[in-house]
Amino acid sequence: MATSARGRSLGLPQQAFGLRSLFPDSQITLRGRQLRWVGDLHPTELSQPYLTRIDYELGQYPTVNVIDPPITETYQRVPHVYAGGALCVHDADDWNPQMLLVDTIVAWTIEWLYFWELFLATGTWYGDGPDTDIADRSSAEDLPPLGERKWHAVTAWGPRHRDPSRHHL
């Protein structure tokens, strides 16, 4: 189960500490209500490193972008991303501010990168959700505010019994 504090959103210092604990060589920037994490992720031991950026502002959903290699700028068809290039790593109701980014968003990003490598090899998207761009939203910012959602517990790698009718981020 993802680490969370009951009833209270985690602060940015708590999120930064969680990220630093598993990624000591990463870069973390805290400014006001915003956190930016930049670090290398490896979906498998044989994978190249993916320099990844997570931007999180209190009260908003985190956004995830792969900086290097520049996936969305290099490939014409990248499944499961928003129009601006941010990765779609979870369903709208999967994440809440009581969860550590390192246990959820980072883990789901690693999973997305694993499915990306499978997609490059096979042409098939094996991850949850559609294998096309998220056509009904241009970014995670188009979702309702976090306070209007009902939250449920998820595993660190995300729920395994997803309803296909639910929207993805």
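Student: Which residues form one aromatic cluster here?
Tutor: In this predicted model, the cluster consists of Tyr75, Trp112, Tyr114, Phe115, Trp116, Phe119 and Trp125.

Student: And what does Trp116 touch, leaving out residues up to four places away in sequence?
Tutor: Trp116 is in contact with Tyr50, Ile71, Tyr75, Arg77, Val78, Pro79 and Trp125. Two of these, Tyr75 and Trp125, are also named in the aromatic cluster.

Student: How many aromatic pairs are there?
Tutor: The count comes to 9 aromatic pairs. Among them is the pair of Phe23 and Trp37, whose ring centres are 5.2 Å apart and whose planes stand at 65°. Planes over 60 degrees apart count as edge-to-face, so that is the class of this pair.

Student: Where do Phe23 and Trp37 sit in the chain?
Tutor: Phe23 is in the loop between helix H1 (12–22) and E1, while Trp37 belongs to strand E2. The two are 14 residues apart, and their pairing links distant parts of the chain.

Student: Are those two buried or exposed?
Tutor: Phe23 and Trp37 are both buried.

Student: Back to the tryptophans. Which residues touch the most other members of the largest nonpolar core?
Tutor: They are Ile71, Trp95, Trp112 and Trp116, in a core of 34 residues. Two or more residues each come from H1, E2, strand E3 (50–57), strand E4 (63–68) and helix H3 (105–122). H3 supplies the largest share, with 9 residues.

Student: Then tell me about H3. What is its reach from first C-alpha to last?
Tutor: H3 has 18 residues and reaches 25 Å, close to the 26 Å expected at 1.5 Å a residue. Its buried residues include Ile105, Val106, Trp108, Ile110, Trp112, Phe115, Trp116 and Phe119.

Student: What covers the buried residues of H3?
Tutor: The cover includes H1, E2, E3, E4 and helix H2 (71–74).

Student: What follows H3?
Tutor: Gly123 follows H3, and its phi is positive, near 80°.

Student: Changing topic: in what order do the strands of the sheet run?
Tutor: The sheet is open and has 4 strands in the order E1-E2-E3-E4, with antiparallel pairing. E1 and E4 each have a single partner strand, so one side of each is left without a neighbour in the sheet. On average, neighbouring strands are turned by 15° against each other, direction ignored.

Student: How many bridges pair E2 and E3?
Tutor: E2 and E3 pair over 8 bridges, in the antiparallel sense. Gly39 stands opposite Thr52 in E3.

Student: What about E1 and E2, how many bridges join them?
Tutor: E1 and E2 run antiparallel and are joined by 5 bridges. Arg31 stands opposite Gln34 in E2. The hairpin of E1 and E2 has 2 residues between the strands, and Gly32 there takes a positive phi near 60°.

Student: Is Gly32 buried or exposed?
Tutor: Gly32 has a relative accessible area of 74%. Exposed means over 50%, so Gly32 is exposed. The C-alpha atoms of Gly32 and Leu58 lie 9.4 Å apart, although the two residues are 26 residues apart in sequence.

Student: Which residue other than glycine has a positive phi near 65°?
Tutor: That is His80, found in the loop between H2 and H3. Its relative accessibility is 3%. Buried means under 20%, so His80 counts as buried.

Student: Where is the cis peptide bond?
Tutor: The cis bond joins Asp68 and Pro69, with omega at about 0°. Pro69 is in the loop between E4 and H2.

Student: Finally, what pattern does the whole chain follow?
Tutor: Along the sequence the pattern is α-β-β-β-β-α-α, with 3 helices and 4 strands. The chain has 169 residues, of which 45% count as buried. Among contacts with a separation of 6 or more, 61% come from residues 24 or more positions apart.

Note on methods
Residues numbered from 1 in each chain as written. Predicted model: local features only at pLDDT ≥ 70, side-chain atom pairs only at ≥ 80, totals over all residues. Heavy atoms only, no water. Buried < 20%, exposed > 50% of the residue type's maximum accessible area, 1.4 Å probe, protein only. Phe/Tyr/Trp six-rings, centres within 6.5 Å; stacked < 30°, edge-to-face > 60°. Core = buried A, V, L, I, M, F, W, Y, C linked by side-chain atoms within 4.5 Å. Contact = heavy atoms within 4.5 Å. Pairing = 2+ DSSP bridges. Expected span 1.5 Å × (residues − 1). Axes fitted to C-alpha atoms, helices over the stretch in contact; angles between N-to-C directions.
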